[in-house]
Amino acid sequence: MAFLQDLSPEGAPERTLPVLQAVDLAFRTAALDGERPLEVEVVPFDTEGSPETAAAIADEVATGEGFVAAIAAPDLSGQAALVDALSGAGVPLISLSGRGSVGAVRPGTWVRLVAPVEDQARALAETVSNLRRAGSGVCLVAAPPDGTTFARTVRRSLPGDLEVTEVEGAGAAAEAGCGVAIWTGDAAGAAELATALAASSPEGPVLAGGPTLLDPVFLEEAGAAAEGAIAVCSCADLSTSLELAAQRFIQDFQSEHGSPPGPYAVEGWDAATLVIAALRAGEPADPDLAAWLATRAEVDGLGGPYPLAAGELAEPGSLVRGFRVRGGRWLEGG
């Protein structure tokens with residue numbers, strides 16, 4: 001099993017590690033199944049943000065012996081090229097990245113278990129527009145890299161009757177007097193912005209953003225200034241679930257790694273268990289995972305169900321969840 005990730009952006013190794021740990025935990029759990037043990041080795045690859053490196057990795061996975069599938073980590077780019085390389089060899093790519101789109105490929109070689117970034121951006125715009133404080137104006141705070149798909153979609157999706165101001169930097173956002181400040185950059189920048197907003201006024205703007213706010217760096221660096229912040233993410237939080245399977249996953253993960261599952265860890269587990277189900281359903285000597293996956297109209301998992309249509313979520317907006325910081329921690333629904 002190949003695990004494809006891009007560790008070049010700042011903070012990427014810390015964000016991706018819980019997902020890899022969840023994938024590895026799922027396969028090690030399958031190996032301990034007394035009735036149907038299944039031995040699968042997880043091999044991580046780093047594209048280093050390079051299309052050339054990604055192409056070489058895809059070729060190695062497609063032509064090398066023993067690779068039955070690949071899992072794409074969150075935020076991995078260039079997926080269309082990766083799928084093109086893997087699809088011809090019948091190697092499925094189970095994606096946890098909302099970036100990019102994929103065209104026509106061999107059925108069953110592309111399954112995405114998260115909403116595309118455009119759907120997550122539209123969910124953020126809708127969440128912001130429903131906030132009472134949005135009536136006092138919305139600040140779009142510029143964040144590098146400028147002009148991301150997420151940032152552009154948020155801007156286009158905000159209702160026309162909202163007063164929207166584009167500002168540069170945390171200081172300008174604190175002085176603008178907006179009721180809501182939208183941040184589409186990284187977690188460290190979000191923490192800087194939250195600190196500036198909290199210092200400007202006890203009733204400063206509500207900070208709102210996307211999945212990057214769920215990076216532990218944000219809460220660590222923002223501290224009390226993070227209280228009340230809002231984020232949307234196509235990732236599940238099982239911390240309050242009463243389901244036995246969810247509780248077992250959290251306990252096993254925390255026991256193994258000393259910390260609770262991070263964002264997208266649930267989806268990483270579900271991606272791995274999907275591959276496990278496909279392997280167990282096929283012929284042991286030559287499992288055709290793509291043929292089995294092509295028949296799936298829905299995937300059941302800890303974060304699901306995930307209804308599918310041509311490998312994409314049939315209703316992506318339904319799996320975009322809202323979170324809010326309460327008492328120093330992110331809570332789903334807030």
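Is D24 buried, exposed or partly exposed? At 29% relative accessibility, D24 counts as partly exposed, where buried means under 20% relative accessible area, exposed over 50% and partly exposed in between, using a 1.4 Å probe and protein chains only.

Hello everyone, and a word on the model before we go on. This is a predicted model, so local features need pLDDT of at least 70, side-chain atom pairs count only at pLDDT 80 or more, and totals for chains, interfaces and linings use all residues. Residues are numbered from 1 along each chain as its sequence is written, and side-chain values use heavy atoms, with hydrogens and water left out.

Let's stay with D24. Its partner is R28, and the two form a salt bridge with the closest N and O atoms 2.7 Å apart. By salt bridge I mean a side-chain nitrogen of Lys or Arg within 4 Å of a carboxyl oxygen of Asp or Glu. R28 is also partly exposed, at 31% relative accessibility. Both residues lie in helix α1, residues 12–31, and they are 4 residues apart, about one turn of the helix. Helices here are DSSP runs of H or I with at least four residues, strands are runs of E with at least two, and both are numbered from the N terminus.

Helix α4, residues 117–129, holds another pair: D119 and R122, 3 residues apart. Their closest N and O atoms are 3.4 Å apart in a salt bridge, and R122 is partly exposed at 40%. Through salt bridges that share partners, D24, R28 and E256 join into one network. By this rule the count comes to 9 salt bridges.

Now for a pair that reaches across the sequence. R106 and D288 meet in a salt bridge of 3.7 Å, N to O. R106 sits in the loop between β4 (93–95) and β5 (110–112), and D288 in the loop between α10 (265–281) and α11 (289–293), so the pair ties together parts that are 182 residues apart in sequence. R106 is partly exposed at 36%, and D288 is partly exposed at 38%.

Next, please turn to helix α2. Its 13 residues, 51–63, should span 18 Å at 1.5 Å a residue, and the end C-alpha atoms are 18 Å apart, which agrees; the expected span is 1.5 Å times one less than the number of residues. Which residues of α2 are buried? They are A54, I57, A58, V61 and A62. These cover an arc of only 130 degrees around the axis, which puts them on the same side of α2; the arc is that of the directions from the helix axis to the C-beta atoms. The face turned away from the buried side carries the exposed residues E52 and T63. Covering the buried residues are, among others, β1 (2–5), β2 (43–46) and α3 (79–87).

That brings us to Q79, which is found in helix α3. Q79 is buried, with a relative accessible area of 3%. Its side chain joins that of S95 in a polar contact of 2.4 Å.

Last, the cores. The largest nonpolar core has 74 residues, and those with the most contacts inside it are F27, I94, L207, F218, F249 and W330. Such a core is a set of buried Ala, Val, Leu, Ile, Met, Phe, Trp, Tyr and Cys residues joined through side-chain atoms within 4.5 Å. Helix α10 gives this core its largest share, 10 residues. A second, separate core of 22 residues includes L131, V138, V180 and I182.

Technical notes: Contact means heavy atoms within 4.5 Å. A polar contact is a pair of N or O atoms within 3.5 Å; within protein, one must be able to donate a hydrogen and the other to accept it, and residues adjacent in sequence count only if both atoms are side-chain atoms.
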